Amino acid sequence: MTIAIELNSLSKSHNMAGWRIGMVAGNAAFINSILRVKSNMDSGMFQPLQAAAVEALNSSPKWYKELNSVYRRRRIVAEEIMTLLNCSFDPDQSGLFLWGRIPSEFKDSEELTEKLLQQTNVFIAPGKIFGSNGDRYVRISLCSKETVLTEAKVRIRKLTENALL
């Protein structure tokens with residue numbers, strides 16, 4: 001590795017999104033430059049997070065299989081929510097979020113998500129907050145518990161059944 005560095009994190013692969021645990025590998029000169037900057041920014045990662053990362057890296061294949069099953073169930077509920085909202089989505093997209101294109105009757109994602117928030121107390125992220133390319137999209141996080149997603153679906157279904165959306 002003389003001309004590149006590789007970055008990786010445990011965010012998605014080990015269910016540690018937001019923990020900011022990762023690694024960098026590459027040419028020693030590049031790594032030393034990174035360490036110089038990093039040493040001026042902080043004094044190290046909180047030790048319990050490091051211990052949790054070690055445990056995560058030692059996870060068995062059974063753990064991954066069980067976790068994938070949890071996310072698969074959450075994904076089904078998220079797809080049902082998108083369908084209730086008449087949002088189109090790619091069923092083959094992967095990751096911890098489900099993105100959907102909003103129906104044309106809404107001027108932008110903010111209009112739809114604000115209406116949902118006001119009328120159902122359900123927050124779905126408007127794609128607009130992720131940049132102008134997200135204006136016509138909403139994003140549902142699969143990091144929410146299945147019970148929370150199911151409750152959101154129930155509330156949204158009531159709204160759509162009463163033709164308020």
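Which residue stands opposite Ala125 in β5? I looked, and Arg139 is the one facing Ala125 there.

Before going further, a note on the model: it is predicted, so I keep in mind that local features need pLDDT of at least 70, side-chain atom pairs count only at pLDDT 80 or more, and totals for chains, interfaces and linings use all residues. Residues are numbered from 1 along each chain as its sequence is written, and side-chain values use heavy atoms, with hydrogens and water left out.

**Sheet.** I followed β4 to its partner, strand β5 (residues 137-141), and found antiparallel pairing over two bridges. Strands here are DSSP E runs of at least two residues, helices are H or I runs of at least four, and both are numbered from the N terminus. Two strands pair if DSSP finds at least two bridges between them. The whole thing is an open, antiparallel sheet of three strands in the order β3-β5-β4. β3 (97-101) and β4 are at the edges with a single partner strand each, so one side of each has no neighbour in the sheet.

**Asn121.** I found Asn121 in the loop between α4 (109-120) and β4 (125-126). Asn121 counts as exposed because its relative accessibility is 61%; the cut-offs are over 50% for exposed, under 20% for buried and partly exposed in between, with a 1.4 Å probe and protein chains only. Leaving aside neighbours within four places in sequence, Asn121 is in contact with Leu116 and Arg155. Contact means heavy atoms within 4.5 Å.

**Arg75.** I then checked Arg75, in helix α3 (residues 61-84). Arg75 is buried, at 11% relative accessible area.
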